[in-house]
Amino acid sequence: AWSICDMPDLEDDSFDAALAVMALMDCPDYEGAVREFARVLRPGGMLACMICHPCFMYGTLGWEERDGQHVAIRVADYLQEPITRTSWQFGAAPDCGDVEPFDAVYFNRTLSSYLNPLPAHGFVVERICEPVPSDEACEKDPRLRKYRGIPHVLGVRARLEPG
């Protein structure tokens, strides 16, 4: 079976860029995926990825509220890296009552587990971003306000070193 961790149909050094948006945190063999990106990218090629922020997602125990506002998040067991399975449903989908829940598997990793394999496979990290919702986005969807204080996602841009 073809996967992000094993792309046998793609030739070595055949791409200038690779983009992985909200995919690597669902990958059972993250380091294998990084190794495959390094193999298929040309020297100097760019890898850009966006994942759920590992510091605030999987060890999260919940939000603390003050006066009806989310002011803090409780985090525990961050250093644990278990594989967890949960039932999930698209809550913002139209007629979400008609949408069946499905199982989702999470491969909990720390920030260092995501970043350290990059230089180990020849990448230089050029930029890290932790975007938060804009004021305009929060006006359109007030549920996003709680993410003004912590980043929900982590973005990384890395370049494959020549030679």
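The model is predicted, so local features need pLDDT of at least 70, side-chain atom pairs count only at pLDDT 80 or more, and totals for chains, interfaces and linings use all residues. Residues are numbered from 1 along each chain as its sequence is written, and side-chain values use heavy atoms, with hydrogens and water left out.

The protein chain holds four helices and eight strands. Helices (H or I, at least four residues) and strands (E, at least two) are DSSP runs, numbered from the N terminus. Along the sequence the pattern reads β-α-β-β-β-β-β-α-α-β-α-β. The C-alpha trace spans about 55 × 35 × 35 Å along its principal axes. Of the 163 residues, 31% are buried. Buried means under 20% relative accessible area, exposed over 50%, and partly exposed in between (1.4 Å probe, protein chains only).

Voids were located on a 1 Å grid over the protein atoms alone. A cavity is a set of points where a 1.4 Å probe fits but cannot get out. A pocket is an open set with protein on both sides within 12 Å along at least five of seven lines. Lining residues have an atom within 4 Å of a point. Points are joined across faces, edges and corners, and a volume is the space filled by probe spheres set on them.

One cavity of 30 Å³ or more is found. At least two lining residues come from each of β2 (41-52), α2 (111-115) and β8 (153-160). Strand β2 supplies the largest share, three residues. The lining comprises 10 nonpolar, no polar and no charged residues. Here Ala, Val, Leu, Ile, Met, Phe, Trp, Tyr, Cys and Pro count as nonpolar, Asp, Glu, Lys and Arg as charged, and the others, Gly among them, as polar.

The largest pocket holds about 300 Å³. Twelve residues line this pocket; M25, C52, M57, W88 and Y106 are the closest to its centre. Strand β6 (residues 102-107) gives the most to the lining, four residues. By class, the pocket lining has 10 nonpolar, one polar and one charged residues.

V21 lies in strand β1 (residues 15-21). V21 counts as exposed because its relative accessibility is 53%.
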